[in-house]
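Subject: Structure handover and notes

Dear colleague,

I am passing on the structure we talked about, together with some notes on what was found in it. Please read them with the coordinates open beside you.

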Protein chains: 2
Amino acid sequence: MKLSPLQEARYEYKPKLPGMLRNGISEICVKTGEKTKSVADQEKIAALFPNTYGKCEITFEKGKNTSDNKKQVVGVILSGGQAPGGHNVICGLYDALKATNKDNVLLGFKGGPSGLIEDDYIEMTDQYIDSYRNTGGFDIIGSGRTKLETEEQFEIVTEVAKKHGLTAIVIIGGDDSNTNAAVLAEYMAAHNTGVQVIGCPKTIDGDLKNEDIEASFGFDTATKTYSEVIGNIERDANSAKKYWHFIKVMGRSASHVALECALETQPNICLIGEEVAAKKMSLEDIANQIADSVEARANNGDNFGVAIIPEGIIEFVPEFSKLIAEINELLAGESAEEFNNLVDWASKEHFIERGLSDKSMKVFALLPEFVQKQLFLERDPHGNVQVSLIESEKLISSLVADTLDVRKAKGKYKGKFSPLHHFFGYEGRCAFPSNFDADYCYSLGYNAFMLIQYGYTGYLSKVSNLAKPAEEWIAGGMPITKMMNIERRNGEDKPVIRKALVDLDGAPFRYFAQKRDTWAVETAYTYPGAIQYYGPSSVCDITTRTLALEHK
Amino acid sequence: MKLSPLQEARYEYKPKLPGMLRNGISEICVKTGEKTKSVADQEKIAALFPNTYGKCEITFEKGKNTSDNKKQVVGVILSGGQAPGGHNVICGLYDALKATNKDNVLLGFKGGPSGLIEDDYIEMTDQYIDSYRNTGGFDIIGSGRTKLETEEQFEIVTEVAKKHGLTAIVIIGGDDSNTNAAVLAEYMAAHNTGVQVIGCPKTIDGDLKNEDIEASFGFDTATKTYSEVIGNIERDANSAKKYWHFIKVMGRSASHVALECALETQPNICLIGEEVAAKKMSLEDIANQIADSVEARANNGDNFGVAIIPEGIIEFVPEFSKLIAEINELLAGESAEEFNNLVDWASKEHFIERGLSDKSMKVFALLPEFVQKQLFLERDPHGNVQVSLIESEKLISSLVADTLDVRKAKGKYKGKFSPLHHFFGYEGRCAFPSNFDADYCYSLGYNAFMLIQYGYTGYLSKVSNLAKPAEEWIAGGMPITKMMNIERRNGEDKPVIRKALVDLDGAPFRYFAQKRDTWAVETAYTYPGAIQYYGPSSVCDITTRTLALEHK
């Protein structure tokens, strides 16, 4: 058995295109919209993108195809972390390209942007493409995290493009990769290379989102996969009635994944990093909030529960970030050696006590010993604390346990608290794409080729109206520069696509905030179950609660 | 949103019964088979079960129902860990009971066997039952781990039964619970209580299996859930190409779960506890076996992989068990205090070195420090090492890393080794039952009532021929005593159902053993994807590879 029954069945799935792309290549024409300007810093962005700034938004509609009939040779790369549906972007791109002209060529550059630089590629064929239709993973050509951003890299890419006669490059990636797509597009235009560049919005984190990108692909499938297992754990908790499960989910810089999973599963607790930052919550505040739920439930005889913790949560806690900064400062330069030479933890503790501010020392003292030691003993080659290695779900459950011990000593709390820990990340990044992601990604790829065919560059493949059935989706393109602003990155002002954090005034968070006090005390769990690719449309075609609430 | 779309849809699912149970209650008659005897220790078992030993196997077939028309009041309990489909056993039991006589009553005793002792129950109604059809979890009445085995408990149960006029008790549980069902049945018969007892075979571990039990329920759904996420991780590994994933799966006393997951997903490595024990493998042997795969793959440029580790693996390693025994011995009595009074780890290490045999000291020296410390510092209230707390996936990956370091120093190995760790257990115990488990469990419950109705006691609800479509399944009953033998448990000879370990001569293991050398080097991953409840029958009605291979 090499192929699973599901994989064989999914090969047969026909992804749904937006209505206006369903009439065959010859019946797709362009409707030009308004001229665009960047969301902020217009003058600076315009100056940086003289050849690609200010172009018009376009949408496709049914009508005679008027595009130029030249042969297209397109290169495609996958950039960054895996997201379900990446294969379908490439399949959609391939199908549109071959339907337009069977002599057109699609080259997949391997292992991410570095494949483009190292000229490591594979030419796509019917047979090869067919073996990846509607499957998860990025194994079709691999991915990588090399950033395509320097002039030197662009020169190499230009050479590679010239060698193959590339007419266009499609970059499938997150916010940084799409920013780089815009910069590359400008470079290619400025140097009259004739190479167009199109971006496609990918990331399971959900943080590539704005008025033009309703959802990045992969978010739907990944959150459904996490919600499946979280729901299963909730049902287990509610059956065994003896454990509190602390479940960490992927999402370092934003808490969209945690929020969507909470909307799907209605756990007792879900922390949202953006709220923690906005309210300047302390570790103690967080521990108290969870302990309140544990205590209230214990009073009802329910010594069990489920808490969802976003991966990056502690980095949102201001006092914790301050502690980290102080530790990095404390161990900079020569003092690192002094610290390392201390023979035991007790003398190291003494060193730490002398070196930290009173406030940070108080925070440090709160931490369980395994985190204290981790902060000082496991630093990166630059001597910095590796915050990403801290198991925040264990840190938080340990703070909750301490808080409950204090309450117990005071006679306030009489329950039992047995925590268990989970982390879900890799489980969701390569699942078979949901019907939504399979359709959306295929449409993004198909649409990307139409943008190429009509000569656009520096555009993002845009498919919108996603909360509606695919028939009503709107396909078109938007200049990437429209989404940009200037941000300070590594000490430099850079034009970038703004990362979308959870909007505390947005409908998804407001819905959650309105329900969570009830969920904290009652057992209001919802069990989503496994992603279904077949069956009633209400089960297999529904997208995220986030999207539904945002577009109600 | 309280109910998920899948939960609403699953309420409508009609579980498939074996053909002979499909013609309505009035058309089910009994075909009596051979007299039975226990698989071993016949005289002893016969002496222990004078009233229930040696009865005939029976099967049901289409024919006029000749059972007695008395009113039935049945009690049901769920015992032990959750397994998908438990709710459907109760639904099937309820439907048969009500179809036979609408005045019949089903009482669900809450929180496991203790509910029966504490007389804590709920009377089942249509509405209540309907809200649990085809769902996962044991939350319908809860479960518990109290063992029903003492004379005193049986007296209380008899009182409770008398109070409610119980005519039968159905016990849904694992090997121990079914053993106890047989003992309770004998007690009830010996004391002329008129209460029948029927058992149903549950456990996700797959270790309740013999010539009469082809599969325990829940195994199918749980292994499908684990295989889904393992497959997703495989696809991620094969896309990112930079991590070795060590995945621990539930199953302490047998490795059926790990083996089934390996057959479904074709990982590079899967350890089987029974093989480790049979071959008396050392920790070094295990580390070398995995390191060989890592090295061979690195030579092909593949610095990634997936290894499945059964939860109980280290307890199968003879030298490790010996080490544990020596540590328990070493810290028994007064020396524990002496050890605890030593101020630092260095002096403790010295104490350990003096106390262990040379052989065990060598094993101890191999272990990573976090395991060494855990063995000595985190003991249970009796001073014993808590082997179950050891994170064997981390222990093993750490041994592999050490082995690779040695090979690297010798210039034999030149790859990169970045391990990541996962544990899947709670994720699978309460999933929505697969169609197979939904059908099998409903049939077990329906069939259990028919056994009650025809006056049987001490019987196991038996549904067999499971590798075939449900239409061809065979429903009937088998005296539980037939599956018993005498084993030494806690210093006493006890009649018990033998736990089924992975048979190293059985077809599933032999298939695995024949393939694994290829899988260790090549990337032969299979991606099962999420359990499907709808769609092509090849996708949504197929049961385990284990069952298919055992009954080929």
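I begin with B:Ala548, which counts as partly exposed because its relative accessibility is 38%, a value that falls between the limits of 20% and 50%. Before going further, please keep in mind that this is a predicted model, and that the values below are computed from it. B:Ala548 sits in helix α22 of chain B, which covers residues 545-550. If you look from there to B:Val257, you will find a separation of 291 residues in sequence, while the two C-alpha atoms are 15 Å apart in space.

The fold of chain A

Chain A contains 22 helices and 15 strands, and its C-alpha trace spans about 80 × 60 × 50 Å along the principal axes. Of the 552 residues in chain A, 63% are buried. When contacts in chain A between residues at least 6 apart in sequence are considered, 79% of them join residues that are at least 24 apart.

The interface

Two buried sites in chain A

A:Thr52 is placed in the loop between α2 (42-48) and β2 (56-62) of chain A, and it counts as buried because its relative accessibility is 4%. The side chain of A:Thr52 is joined to that of A:Glu186 by a polar contact of 2.6 Å. Leaving out residues up to four places away in sequence, A:Thr52 touches A:Ala185, A:Glu186, A:Ala189, A:Thr457 and A:Thr481.

A:Glu326 belongs to helix α12 of chain A, residues 318-330. Is A:Glu326 buried or exposed? With a relative accessible area of 15%, A:Glu326 is buried, since the cut-off for that class is under 20%. Apart from residues up to four places away in sequence, A:Glu326 touches A:Leu356, A:Ser357 and A:Ser360.

A buried leucine in chain B

In chain B, B:Leu356 lies in the loop between α14 (345-355) and α15 (358-366), and at 6% relative accessibility B:Leu356 counts as buried. Once its neighbours within four places in sequence are set aside, B:Leu356 is in contact with B:Leu323, B:Glu326, B:Ile327, B:Leu330, B:Met361 and B:Phe364. For B:Leu356 and B:Leu323, the C-alpha atoms are 7.9 Å apart in space, although 33 residues separate the two in sequence.

Two backbone angles to look at

Most residues other than glycine have a negative phi. Against that background, A:Asp41 has a phi near 50°, a positive value in a residue that is not glycine. A:Asp41 is found in the loop between β1 (28-35) and α2 of chain A, and at 31% relative accessibility it counts as partly exposed. A:Asp119 also has a positive phi, of about 55°, without being a glycine, and its place is in the loop between α4 (113-117) and β5 (121-123) of chain A.

Notes. Residues are numbered from 1 along each chain as its sequence is written. Chains are lettered from A and ligands numbered from 1 in the order in which they are written. This is a predicted model: local features need pLDDT of at least 70, side-chain atom pairs count only at pLDDT 80 or more; totals for chains, interfaces and linings use all residues. Side-chain values use heavy atoms; hydrogens and water are left out. Helices (H or I, at least four residues) and strands (E, at least two) are DSSP runs, numbered from the N terminus. Buried means under 20% relative accessible area, exposed over 50%, partly exposed in between (1.4 Å probe, protein chains only). Contact means heavy atoms within 4.5 Å. A polar contact is a pair of N or O atoms within 3.5 Å; within protein, one must be able to donate a hydrogen and the other to accept it, and residues adjacent in sequence count only if both atoms are side-chain atoms.
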